[in-house]
Amino acid sequence: MEDDDYVGSDEEFYTSDQEDDYSNEGPENEDYDSPCIPPKGTTTKVITKESLLAAQKEDLRRVMDVLFLKEHHARTLLIHHRWDVDKLFEVLVEKERAFLFAEAGVSVMEHQDSEPLPPASTIMCAICIEDVPSNEATTMDCGHCFCNGCWTEHFVVKINDGQSKRMRCMAHNCNAICDEAVVRNLVSNSHPDLAEKFDRFLLESYIEDNKRVKWCPSTPHCGNAIRVEDDEFCEIECSCGLQFCFRCSSQAHSPCSCLMWELWAKKCRDESETVNWITVHTKPCPKCHKPVEKNGGCNLVSCICGQAFCWLCGGATGRNHTWSSIEGHSCGRFKEDKEKNAERAKQDLYRYMHYHKFYKAHTDSIKLESKLKDTIQEKVSISESKESKNRDFGWVTNGLCRLFRSRRILSYSYPFAFYMFGEELFKDQMTKEEREMKQNLFEVQQQQLEANVEKLSKFLEEPFDNYEDDKVVIVRMQVINLSVATDTLCKRMYDCIENDLLGSVVPSVELGTHHKIAPYKSEGIEKASELSISDKDLPFHCGTNGGSLEPEHPSGSGSSYESGCSSRKRARKEGPGGGFFDLNLPGEVIDRNCF
């Protein structure tokens, strides 16, 4: 990398108003030599198939202990409130127990203490209008009783329709949710495959219906889910190594908001800019409407379909013309709308090309600089093997981590600027003067960060393994200075975006979103830690067992852990006839083909 391609002398990577700010953050700041690792005690957890039941158990126990409920009642409440225990307790305090239960469809009836019907008696099922023995009928918590055959058919239909997590009673206007243990027992007698599907849906509801938990979007899927405790506007690193935005599940993209990144990714992916180019450089044929590009100086052009038309206005004409006129045609009148639209399309294209060029340049630099890791480790190994005063080379690894983070932020700052100062999202939120002032403020900070990043990249590529001790010290000082300065500039850019730019934007009703970004973290994107499983957190049945959470035992009804684990990533399981089927396949494929 050539020095002149980026910045000049050592003093040029700071502006004059920054020198005082960084004067106390130079090479004497030895704290920066600490290892580049995430902070301890992260609140973000990785949920694997082994810990999924334990994670669900935490929330179930909290609700069961406070409300003295059975497990299936607690799960019904939590599914209704999307596994938000705090929200559930808020409703309990504000609107009391009766409202909480009625809203979620939980019925805890006193009729359960009454004497059961004699086995020899019969009842009439209100669904099929037939008399059935009392031992072939089931009464739900709400008090409604129907024959087992009708219940089973009702449950089968609901499971096949994907509504198994909240199956309501069949009685008219009854809002009660059916006991999952009863559902499992009835369905497993005739449809064991659907019983397994039911168990899997109940287990995965902790992820699918929980706003604090999301699947890792890795491809192929790693089988993990991520749980956050605080703000959903955050960026997470899964244990598989993938970094992603928790809110939108796309790649980590701050300082872009989720909507900005969605629009930018679509713009880069589809042919929207090809359409812009066609608009700027071609005219549609008035006969066949195909785009025609002019390749000569004459304003009378011909389409391949044979139609002649005027390039100036696009109107159909005859073929005869002179230097001053075209036969049967005059287009001297100015059409303001067409001219404005063409000019606007041209400006939009040039503006997009500008921001995309810098975005692509920094993205390519990230790919190239990622190869530096092995090279630098080799240089460090050579340097450490020498007999020299400089034995600690942690500053190299530290500087490389800072380079990667800052380069990524810098690359995404260009899509942010494209939408922040364009007219697509905030046209009516800023005057022209305000837009120019804010754009200038942002671009100054962006340029300062860019200069420091390029300078840091240059020094990290120095062959310090061949340098004398004194020169290594100079390189070390430069890398530490630049790393601290780059970190400070990143913080300032995020602060500017959150407070001065996006902070002044009124949330759009049409877009339905706040333009909020993940906060900046000097340590980098937080790496989620695995959820610990203690001995008391052994897997338990998804069904009701009198309110207790018991360790799991094998069962033919499809309530084993293997059947309940995530369909996204599961091991191979022995199927009927001693064969094996791959549990990494989608659940629907397993349910359809393997039983």
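Visitor: How many bridges join strand 8 to strand 14?
Guide: Two bridges join strand 8 (residues 235-237) to strand 14, and these strands run parallel. Helices (H or I, at least four residues) and strands (E, at least two) are DSSP runs, numbered from the N terminus. Two strands pair if DSSP finds at least two bridges between them.

Visitor: What kind of model is this?
Guide: This is a predicted model, in which local features need pLDDT of at least 70 and side-chain atom pairs count only at pLDDT 80 or more, while totals for chains, interfaces and linings use all residues. Residues are numbered from 1 along each chain as its sequence is written, and side-chain values use heavy atoms, with hydrogens and water left out.

Visitor: Is Glu526 buried or exposed?
Guide: Glu526 is buried, with a relative accessible area of 11%, whereas Lys521 is partly exposed at 33%. Buried means under 20% relative accessible area, exposed over 50%, and partly exposed in between (1.4 Å probe, protein chains only).

Visitor: How many salt bridges are there in the whole structure?
Guide: A search of the whole structure finds 18 salt bridges. One of them joins Lys211 to Asp84, with the closest N and O atoms 3.5 Å apart. This pair links distant parts of the chain, 127 residues apart: Lys211 is in the loop between helix 7 (192-208) and strand 6 (213-215), and Asp84 is in the loop between helix 3 and helix 4.

Visitor: What about the accessibility of Lys211?
Guide: Lys211 counts as exposed, at 52% relative accessibility. Asp84, at 15%, counts as buried. The C-alpha atoms of Asp84 and Asp209 are 9.6 Å apart in space, although these residues are 125 apart in sequence.

Visitor: Which side chain meets Arg407 in a salt bridge?
Guide: The side chain of Glu369 does, at 2.6 Å, N to O. Glu369 lies in helix 10 (residues 336-369) and Arg407 in helix 12, so the pair ties together parts that are 38 residues apart in sequence. Both Glu369 and Arg407 are buried.

Visitor: What else lies in helix 12 (residues 394-420)?
Guide: Leu400 lies in that helix, and Leu400 is buried, with a relative accessible area of 6%. Not counting residues up to four places away in sequence, Leu400 touches Leu372, Lys373, Ile376 and Leu460. Contact means heavy atoms within 4.5 Å.

Visitor: Which buried residue has no salt bridge?
Guide: Lys438 is buried yet has no salt bridge; the nearest side chain of opposite charge, Glu434, is 5.6 Å away. Here Lys and Arg count as positive and Asp and Glu as negative, while His and the chain ends are not counted. Lys438 lies in helix 13 (residues 432-460).

Visitor: New topic. How many aromatic pairs does the structure hold?
Guide: The structure holds 20 aromatic pairs. Phe146 and Trp151 form an edge-to-face pair, 5.3 Å centre to centre, with 70 degrees between the planes. Rings of Phe, Tyr and Trp (its six-membered ring) pair if their centres lie within 6.5 Å; planes under 30 degrees apart count as stacked, over 60 as edge-to-face and the rest as tilted.

Visitor: Why does the pair of Phe393 and Trp395 count as tilted?
Guide: The ring centres of Phe393 and Trp395 are 6.1 Å apart and the planes are at 35 degrees, so the pair is tilted. Phe393 and Trp395 are both buried.

Visitor: Which charged end sits over the ring of Phe418?
Guide: The charged end of Arg351 does, 4.7 Å from the ring centre. A charge sits over a ring if NZ of Lys or CZ of Arg is within 6 Å of the ring centre and within 35 degrees of the ring normal. Lys471 lies over the face of Tyr467, at 4.2 Å from the ring centre.

Terms used. A salt bridge is a side-chain nitrogen of Lys or Arg within 4 Å of a carboxyl oxygen of Asp or Glu.
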